Amino acid sequence: MPTPIIRIQNLTKKFGNLYAVDHLNLDIYDGEILGLLGPNGAGKTTTLLMLTTVIKPTEGTAYIGPYDITHQTDKSRTLIGMAFQEPKLLWVSTPWAILDWHAKICGLPTNERKKRVKWALEELELWNDRHKTVHVFSGGMRKRVEIAKILIQRPKIAIVDEPTAQIDIVGKHKIWNMLRDLRDEGSTILLATNELYEADVLSDRVAIIHKGKLLVCDEPKKLKDTIPGGDVIEVVLKENITQEHLAELKNTKRVVNILTIKPNHLKIYLNQAEEILPQITEFFMKAQIPIATIQMNEPSLDDVFAHYTGLTIEEAQTK
Amino acid sequence: MKTILYVVERDFKYFFRYKWWIAGMISMNLADLLIMAVVYTGMVSQEITQQYVSYFVFFAPGLTITALFAAAFMIGREINMEVRREISHYMLSLPIKRWELAIGRVLAGGFRGLVYMTPLLITTITITHVFTNVVPSPLQLLSIVAALLFISIGTSGLSISLAISTTSFEKYITARSVVYYVLFFCSTVFYPIDLIQSALPQTLALVAQYNPLSAGADLSRAFLLGYPPFSAFMFLDVVAFGLVFALVAMLAYMKVTQK
């Protein structure tokens, strides 16, 4: 049984009458990357801010290692480093000054500090701009400075909130690799994201959070396997499907569920899709609804999210 | 201790990044001094400033207080901005004790004021020496610097307390203006206490008498001009101001910034 390094127990935060985080219970194990996945407003950032003792829980608590975040705030923070969703930088400062001071306040000795700051700035392609004030930086560059803080600090628990938002795809892969390296060097990583692909490729386990509540937490593959009708056939039709045909399709053998993305765009969740695919195409031919495209997929975390909430992550964000 | 120094170092370095602000402030302070020298000295009755050679000489030590106040107060503006932009979340998430962070910030504001004011203090010492021939002893100089440091720390604490208890920049600026006018115009920074007692209502005159800015300005005058006579109360007043507002700011910073 792995050891939990963070134990979240009934953690709750209320703002007025709104539960931003609603009695959250979760164990995060030493040395893993746990992806906290949910739409904007799900309560991810509020949870992270409570864990870093920046805001106080309304109810419940969490243990960071042996330390209770409600009573041992100073000690809790000695194990934590956080890269924020919105870069927390004073705009008159420079990347070098920001990171050098961060390393200093985290207790790194001078030689190691200079080495790590230089390494992070080079790796994140900020070296040439290290003495420019951050107010001239793009959003992506500021975000890289923010991420560099935890890469330099190498805390026991690294908390990263939307680490690759505003960063191009090459930069994303680089940061993902750096986070994996950080995990391999012994850090536990708590990653909050609303990017399904990021959660899928980076996380050892994914916790899905919606409206402040934990819906499910497991390895991405196991989460996908939990969906009844683990395979997905995605069909785009040339015409809209009628409710009668939809009901008929739902009654087809091995079809477990159908998600209507648009009236002409369906996601059919089913078991053993490869055997039933001919039957599905035949159904549309008989119904005289021409197929524009059809493809067979394994479920994604979006499907897992939809399975547990009845909404796609985009829908959840707008609602 | 090391952590507190790092916090002080950060705020101290940021202060010198606002180059244009500093340039503007220095210009304003020197212009104030010049206006006092040329205009006010001729305008203010000699009877009022008879113990001080001239109004210009009287005002010069007060100028160090105004300069120190402006520089020390600036930390509050930054902390107010940090709270509004949630940069305070970063500061609160750091692996350091909250009281170390809070005291570091208060002290940083204090040291900023002192360092900014130092060239003006040297100018003041030169001016007062030229006009009065008084040469302060090293102990007297040290007392002046210590008193000004306490005023600077108190001002820093006051500005931080205001910064985190006001929700918008506009409210902070308004509060700053109110504090500035009450503290300066009910003090002996600009006018001798005799004039204030004869011109202002008794309550305001009482404020001016016990105002720590009055104590700081008069303590400097006592050692640089030889008048008014030094009293231990002057020093106690500025020490109390420094310690009380440092403590209030620390507690407020620790409590208010963490929601």
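## Exercises on chains A and B

A:Leu259 sits across from A:Lys267 in β13(A). Keep that pair in mind as we go. This is a predicted model, where local features need pLDDT of at least 70, side-chain atom pairs count only at pLDDT 80 or more, and totals for chains, interfaces and linings use all residues. Residues are numbered from 1 along each chain as its sequence is written, while chains are lettered from A and ligands numbered from 1 in the order in which they are written.

**Exercise 1.** Work out how many bridges join β12(A) to β13 of chain A.

*Solution.* Start with the ranges: β12 of chain A covers 255–262, and β13 covers 265–270. Strands here are DSSP runs of E, at least two residues, and helices are runs of H or I, at least four, numbered from the N terminus. Two strands pair if DSSP finds at least two bridges between them. Here you'll find six bridges, and the two strands run antiparallel.

**Exercise 2.** Find the strand order of the open sheet of four strands in chain A.

*Solution.* Reading across, you get β12-β13-β11-β14, paired antiparallel. At the edges are β12 and β14 (291–297) of chain A, each pairing on one side only.

**Exercise 3.** Describe the side of chain B that touches chain A.

*Solution.* First, count: 20 residues of chain B contact 21 residues of chain A (C-beta atoms, placed from the backbone, within 7 Å). Next, α1 (2–15) and α4 (87–93) of chain B are the elements giving two or more residues to that side. Finally, sort by class: nine nonpolar, four polar and seven charged. Nonpolar means Ala, Val, Leu, Ile, Met, Phe, Trp, Tyr, Cys and Pro; charged means Asp, Glu, Lys and Arg; the others, Gly among them, are polar.

Technical notes:
Contact = placed C-beta atoms within 7 Å.
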